[in-house]
Each structure stands twice: as C-alpha cells, then as structure tokens.
Amino acid sequence: MHERNSVANLAGTLRAEVKRYSTGEKLPSSRALVERFRVSPVTVSRALAQLAAEGLVVTRPGSGAFRADPRTAPAPSGDTAWQEVALSADPATEHVPRGVDASGVLVSLAAPPAGVIEFNGGYLHPSLQPERAMGAALARAGRRPGAWGRPPMEGLPELREWFARGIGGPVTAADVLVTAGGQSALTTALRALAPPGAPVLVESPTYPGMLAIARAAGLRPVPVPVDADGVKPALLADAFRASGARVLVCQPLFQNPTGAVLAPERRAEVLRLARAAGAFVVEDDFVRRLVHEDAGPLPPPLAAEDPDGVVVHVGSLTKVTSPSFRVSALAARGPVLERLRAIHVVETFFVPRPLQEAALELVGAPAWPRHLRAVSAELRIRREAMTAALRRDLPALALPHVPSGGYHLWLRLPDGADESALVAAALRTGVALTPGRPYFSAEPPAAHLRLSFAAVAGTAEITEGVRRLRAACADVFTASLFG
C-alpha cells in the first residue's frame, strides 16, 4: 500500500512539473529523481510509466524520458442516438436477452470511495493476499522454458493434475479443464448444460453473479430454499418435478451468502434426486481454501462422491489469492466434458500460459501452505470480531448462522425494514454494505444484508464499521430497535 501511495504522489508531482518542459525536452534521469525525491528506482519507473500511459511523456530505452507532443483537442462527439434502435429488440422473439443486468455483481466489485469501510468486498484485503509469493511465482514462471508459448487448450497437465488431486474421488487430470476464474467456468457450464429458455434450479438465496450468468444466457432461474444445512431435499424434489429442470447450481460448502454447509445426510440425497431427474449438479466450490482455523475436517467435494458423472465441479484459486489471479478448474466426467471443452475453447482459446505456470509455481512453493494457515487463522479472528461487534451493538439484526469458512456474514433485518434505505444511510456514514435483494431470484422473504470481514484492513476497522452501521440503523429505523 505504501508503494502504491509513493507512485501516485510522485506521478502527481511529475505531472505538474512536466508542463514546464518544451516538447521533446528531456526530463531528469531516473537516478536524479531517485535522489531528489528519496524513493526507490521501482517507484520512479512506475511513475514514469503512468505518465507515459497518460500521453504526457515518451520513454526511450537507454535515453530517458521526454516531454510528449501536446494532446490535440478531442474530436467532437457524434450522434449515438441510432444505437437505441440497433440495441432494441422484440422481447417475444429474443431468445437470449442482449441486455445484461450486472448490478448484483457490481455491488461487490466496485471499490468504495476513500475513507469508506469496505463491508461489501468479495476478495481478500491486500494485507491478506500472498503478494510477495505471487510476485516470486510469476517471476520464476516467466523464466521457465516455453513459458510464453501456447499451452494445451485444456490447461497444463501438471496444473490439471493438481486440481484433480484436490477434488479427489474418481476425478483425474483428464477430467479437468483450466479456466480463467470461477465466473468463466460457471458461464461455460451453464451454456453447455441448458439451452436458452430452459429452467435452471438455484439455491435461494444464492450468488448474484451466477443469476446474472443464467439470465444473460436466457435461462429461467427457479429458486429452491436453503437453511443452515443447505438446500432442502424435499423442496428440491418438488422443483425438479414441477419445472422439468435438468440443471441444479449449488454451493455445498460455505454457501454464498448464508454460509451453510450441505449436511451429510443431504449430500447423497441431492445427488440421487438429480440423477433420477436426469439432471446435472453444478458444484460451485468457491471458498474451500478459505476455511477458518476452528472449522475441523471439511467434507469432500460432491464430485468426489459421484460415480455417475452427475456433478460438474468448479473450483478456483482466486478467492484465496487475488482478484487478478484468475485461475480455476472445471471438472466433469463423461460425454459432457467434450461439450464443456468445446465451449471453453471457443470463448477463451486458453488461459495464458504464464498465469498457469505461475499458479504451478505458487502452489508448489513452501510459502503456499504458510499462506493458507495464515489466512485461516486471520479469517477466524475477523469473523469473531465482527460477530461480537454485531451482537453487542446491533442485537436487533438476526444472525442465524455463523459459518466456519468463507469471508462474510448473512444478516436478517427486522420485519418491514427497508434495506435500500439502510444501504444508502450506511454509505453516508462511511461504510459500504451489500443488500440482500440481488441474492434472490424471486421475491425475498425478508430484508437482508451481507457483511464481508475479509476486504477490510483488520479488526479495528471491523469494530469501527459496525459502529458506523449502528449509526445508520439509528438514522433509518425506530429508536426502539436501534436507539
């Protein structure tokens, strides 16, 4: 974080100074800038690269940096009104909608303004990311023979083998495709398994990004309620029978957003019901590596207990590393694998080989198990800090389940509460929240919030964020509840 601030500060200073130079005039050398501003050569290099990207300077290897030609005034904007006609269509004849609602995804991807506590984040805070290990892995990967060549379309064999060992059971490297993040893998799976217009069973509530994928593909999400033990088998059977669906998407481990773990007695029943319906189960195993220190042994993936090829498994390295480390696995057995492979290749060709090589370097390094242990311990500390703060300062917000994995808590607001008003009030007090409505494919039974404890700097920020949330609640709701 300090390095980023140094780069931004130096770039701002140089941006102001470069205006005093004539076009083509040389700027001070990198060594002179290092000595003058007492920063590292890397900071100088990055600051100059930023100015070059902005078109203010031109860098010439071996010669230095020079003032670029002044920018010419941009051409006047044309009339884009014609696009309204081109982008419109008759919904009755549009099998796959061209418009995509990304609002549910953007809530957790958008960076809040400076000074706002990020309870809406979906990734680890930079202090929890293995930045040094990832940098070292990427550097080693770049020096591997053939690292910049074309990889096998299915992924590097060694990386496919590593993912297969992590899944276990009958899954082998031959059953695995390396994909560019879990979102990409889910998109491929739904495209392969259901035609436009088809129903797809989804947990209720569930991950908004998956709902967006389904709707963008023209699918009809059909909700199946979950409780603290995961999806309810009786209601799942009813949903299969009533809808005729051939796909169920579920998160058996630390479900998003409830944190539920599919109970042992339900696991076999879910597979049995899907098999009887001739349906696939898309298993989104997105946070297996974000288990908390006190969780105990984890159940294996559903794919490890599936001899009949019912499960299409999605697993990813992104959540436990960095939002930019987009390497994941899509695993399936039987004829469906060829369809998944074909769609994956058509959409992306392949995951860049340097990133795959870096993934291999990272998971094979001694720093990897240390990182997993450190994250496991820190997530437990943060979960306990947020839980304690909520119970102390906001007892009126129901916390029905405290998960031992993942990175968030799922809260139910009092009956009649306006979650949109609370989210807006919280942002005014300096804390960003995720509303519950985007997690439901149909009418929600109540108002909810999802609070992340992984994207903040530490426990002090968690305590302060809950204090601000209490102030927002007091501003929006009755004094008897939050006074």
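## Strand pairing and a helix crossing in a predicted model

Three strands form an open sheet in the order β12-β15-β14, with antiparallel pairing; two strands count as paired if DSSP finds at least two bridges between them. Because β12 (408–412) and β14 (434–435) stand at the edges with a single partner strand each, one side of each is left without a neighbour in the sheet. Helices (H or I, at least four residues) and strands (E, at least two) are DSSP runs, numbered from the N terminus.

This is a predicted model, in which local features need pLDDT of at least 70. Residues are numbered from 1 along each chain as its sequence is written.

β1 and β2 form a hairpin with 3 residues between them, and Gly62 in the turn has a positive phi of about 85°.

The axes of helix α2 (residues 30–37) and helix α3 (residues 41–53) come within 9 Å and cross at roughly 115°. Axes are lines fitted to C-alpha atoms, for helices over the stretch in contact, and angles run from 0 to 180 degrees between N-to-C directions. The two helices, α2 and α3, are therefore roughly perpendicular to each other (65 to 115 degrees). Ser30, Leu33 and Val34 of α2 make the contact with Pro41, Val44 and Leu48 of α3, where contact means heavy atoms within 4.5 Å.

Key. This is a predicted model: local features need pLDDT of at least 70, side-chain atom pairs count only at pLDDT 80 or more; totals for chains, interfaces and linings use all residues. Side-chain values use heavy atoms; hydrogens and water are left out. Angles under 35 degrees count as roughly parallel, over 145 as roughly antiparallel, 65 to 115 as roughly perpendicular and the rest as oblique.
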